[in-house]
Amino acid sequence: MEKAESEKKASSVSDVGAWAMNVTSSVGIIMANKQLMSSSGYAFTFATTLTGFHFALTALVGMVSNATGLSASKHVPLWELLWFSLVANTSIAAMNFSLMLNSVGFYQISKLSMIPVVCVMEWILHNKHYSREVKASVMVVVVGVGICTVTDVKVNAKGFICASTAIFSTSLQQISIGSLQKKYSIGSFELLSKTAPIQALSLLIFGPFVDYFLSGRFITTYKMTYGAIFCILLSCALAVFCNISQYLCIGRFSATSFQVLGHMKTVCVLTLGWLIFDSEMTFKNVAGMFLAVVGMVIYSWAVELDKQRNTKATPHGKNSMTEDEIRLLKEGIEHMDLEDMELGDTKA
């Protein structure tokens, strides 16, 4: 009993650690990229190529880890890795195009719509159902984040198509992370070390062309400075932790939980923007952030409530299952004995 409680406590600490790593690294990378990419910073406007650098360093860390025996390499079919990388890279490119073609308000709405889309896709693909408490808490989070982030909303046909592609591919990618981990019994870091090299190679090849379409400039025309190089290296280092923690969180929880609690990053970014970059903070922002945090707390409670309900329902089902297994095992042994006797007679 004590062992079970200690294991549960250790698991809870690991869960908190995974979320803390994801929130900290994600907020850090946004701040580093803001300094790197803004016109008031270093004006490095090559977001897709930068993501290629991120995955290149992540792939290198994975290779070193495998070579030194710190992590084990498990087999995942190449076609699955290629399919996953295609979906993930489509998500990255579509997000960048969506941000370019749409107003900031519509871009934020498209990001918020990922939560219900993930819920629907998990229901379709994995027959996953959600309690009323979970659904209500998701709505509170969506409304709260919407209040503090959505401003002007302008829609155009190209922007809408890019946003829809981004929503679908990002949702599918996040669901696939959990599915692949369960299907092949592979850890989060092991899966990441397999997909990162493919994503890095493809993004570094095609990324400069995507960035040229977005910004009208090739990366070769950019004049590097020591400050820009430092920000790129910092962004890449933080991206390693961000990528690992994303796979870790989705593997431990679900794509829906990752989306809901991931909006804590939005709250942190708005707060740090106000503290560090002197961004405007209105009553609307504060009210929206407060509502979003309340929604996240309710969501955590609702998920825990679901777990308790499932735990109470499990013992009866488990006992009856065990009895069936024992009965089938006995019948199998009796049947096997008869077959052995018949074989013995035949041989005789």
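**Exercise 1: the surroundings of D306**

Find which residues D306 is in contact with, leaving aside its neighbours within four places in sequence, and decide whether D306 is buried or exposed.

*Solution.* Keep in mind that you are working with a predicted model.

- Step 1. Start by locating D306: it is found in helix α12, which covers residues 283-347.
- Step 2. Leave aside the neighbours within four places in sequence, and D306 is in contact with S131 and V134.
- Step 3. Now look at V134 along the chain: it lies 172 residues from D306, yet the C-alpha atoms of the two are separated by 8.7 Å.
- Step 4. Buried means under 20% relative accessible area. D306 has 18%, so it is buried.

**Exercise 2: a pair of helices**

Work out how helix α2 packs with helix α8, and which classes of residue make up their contact.

*Solution.* Two packed helices are described by the angle between their axes and the distance between the axes.

- Step 1. Take α2 (residues 47-67) and α8 (residues 188-215): their angle is about 160 degrees, and their axes are 7 Å apart.
- Step 2. Angles over 145 degrees count as roughly antiparallel, so α2 is roughly antiparallel to α8.
- Step 3. For the handedness, note that α2 passes α8 in a left-handed crossing.
- Step 4. Sort the residues of this contact by class: 17 are nonpolar, 11 polar and 1 charged.

**Exercise 3: the chain as a whole**

Say how many helices and strands the chain has, and what share of its residues counts as buried.

*Solution.*

- Step 1. Count the elements: there are 12 helices and 0 strands.
- Step 2. Turn to burial: of the 348 residues, 42% count as buried.
- Step 3. Finish with the surface: the chain exposes about 19,500 Å², and carbon and sulfur atoms supply 69% of that area.

Notes:
Residues numbered from 1 in each chain as written. Predicted model: local features only at pLDDT ≥ 70, side-chain atom pairs only at ≥ 80, totals over all residues. Heavy atoms only, no water. Axes fitted to C-alpha atoms, helices over the stretch in contact; angles between N-to-C directions. Helix = DSSP H or I, 4+ residues; strand = E, 2+ residues; numbered from the N terminus. Parallel < 35°, antiparallel > 145°, perpendicular 65-115°, else oblique. Left-handed = near helix turned anticlockwise from the far one by under 90°. Nonpolar A, V, L, I, M, F, W, Y, C, P; charged D, E, K, R; others polar. Buried < 20%, exposed > 50% of the residue type's maximum accessible area, 1.4 Å probe, protein only. Contact = heavy atoms within 4.5 Å. Areas by Shrake-Rupley, 256 points an atom, 1.4 Å probe, with all protein chains shown as cover.
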